[in-house]
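Here are a few notes to read alongside the model. Have it open and follow the points in order.

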Amino acid sequence: MALQAIKYTRGTLSILDQLFLPHQSIYISVPDVTTAWNAIKTMQVRGAPAIAIVAVLSLAVELHNNPPSSNPKEEIHQKLDYLVTSRPTAVNLADASNKLKSLTNSVANETPEIVTKTFIEAAEQMLTQDVEDNKAIGHHGAQWIQNAVGKTSDIKVLTHCNTGSLATASYGTALGIIRSLHSDTSLSHAYCTETRPYNQGSRLTAYELVHEKIPSTLITDSMAASLLSHQQISAIIVGADRVAANGDTANKIGTFQLAIIAKHFGVKFVVAAPTTSVDLETKSGEGIKIEQRPGWEVLVVSGPTVVNVPGKDDGTVKVNVEDVRSVKQAADGIGVFNPSFDVTPAALIDAIVTENGVVEKNADGVFPMHEAFK
Ligand code: MRU
């Protein structure tokens, strides 16, 4: 069975708390937007598409269970604005918020029931649409890589961070391409980075790859150049939190250095993302706000974690992650630089794969983004 990060039925939403993975699968209820905001901020749910979907569904649940009797549009807009403040870099939530605001504007003169119902149905549609989009991304990306490297077997890829079922409604983006290559029997091996400091690679992607029985190997972030010098890697495939109008792409910290390494070795560098990650309003990577995360994520070995405590009924206890002394690995007094994302210049990217197909650079060496994403 596929991993499910988001469980939704009208009026109830729960998410798989990703802070406990891979040790425990614990679902937590998200009955309102405040709970969703906190879950996004603390990364109980993360990944650009999943953040957007959980945010809008939390509002759908709140509206279903406490329908506003007057002016639902105002309430919806206010709560969407609040949700968008949770994490700044991924554009998917802002995109969803803008779309849902225009939709509710278009029915603002209808009864409160109709406005509320329109919002709830549109939020639900985003959940189902994301799965379809990811499958299309998987298909287009797999085909592009097969053509680009001229083979349909023995393809080895490297991926970064987590872009799978845990980061989306299901299936995944970059991991969706890996799934698709695997089901075509084209994939011989997937490598994933640890993705320090938060370890989405070792905690989440490795977990998904093992769960899907995809032949896979974990490396630390510092081993990528060595891997490419020793293995015939066909492509590095990553996701995106925001793709600017020139193709510059913000993604998990460490993506930029992988793109430089790919260029050095002549390995294809592929960005996979739904069109909801494309932001034509932001001209280039310089305009993308990069989230700075708390220093303790770097000071501890693996960030939020659980450890075995013999004698406890369930065998585990959660470490207080704010208390860095409990799992600290660095010298007292050291400063910390912890940007959560970096920007890979378009010049280092070979293909941008969305549900609509693959965008490549034109003869002038630029991505025709405005034509592709009108
Ligand atoms: O900080 P995170 O875990 O939310 O960062 C996630 C990433 O950078 C992913 O690569 C990106 O959101 C795409 S997920 C399909």
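1. A word on names before we start: helices (H or I, at least four residues) and strands (E, at least two) are DSSP runs, numbered from the N terminus. Residues are numbered from 1 along each chain as its sequence is written. Keep in mind that this is a predicted model, where local features need pLDDT of at least 70, side-chain atom pairs count only at pLDDT 80 or more, and totals for chains, interfaces and linings use all residues.

2. Let's begin with the ligand. Helix H2 (48–65) and strand E9 (249–252) each put at least two residues into the shell around the ligand. Of the 17 residues around the ligand, the nearest are Arg46, Ala48, Ala167, Gly239 and Lys252; being near here takes a C-beta atom, placed from the backbone, within 6 Å.

3. Why does the ligand lie between domain 1 and domain 2? Both domain 1 (6–130) and domain 2 (144–293 + 337–373) give residues to its shell, so it lies between them. The domain bounds come from an automatic or database domain assignment.

4. Now for the sheet. Seen in order, E6-E5-E4-E7-E10-E15-E16 make an open sheet of 7 strands with mixed pairing; two strands pair if DSSP finds at least two bridges between them. Strand E6 (216–219) and strand E16 (357–359) are the edges, each pairing on one side only. From one strand to the next the twist averages 25 degrees.

5. Take a closer look at strand E7 (residues 235–238). Ala235 and Ile237 point one way, Ile236 and Val238 the other way, and all are buried, that is, 20 or more other C-beta atoms lie within 10 Å of their own, with C-beta atoms placed from the backbone.

6. What does E7 pair with? Strand E4 (residues 155–159) runs parallel to E7, joined by 3 bridges, with Leu158 opposite Ile236 and Val157 partnered with Ala235. E7 also pairs in the parallel sense with strand E10 (residues 268–272), over 4 bridges, and there Ile236 has Phe269 as its bridge partner.

7. Finally, a helix to find: H9 (residues 255–265) lies across E7 and E10, at about 160 degrees to E7. Axes are lines fitted to C-alpha atoms, for helices over the stretch in contact (C-beta atoms, placed from the backbone, within 7 Å), and angles run from 0 to 180 degrees between N-to-C directions.

Note on methods. Buried ≥ 20, exposed ≤ 12 C-beta atoms within 10 Å, placed from the backbone. Contact = placed C-beta atoms within 7 Å.
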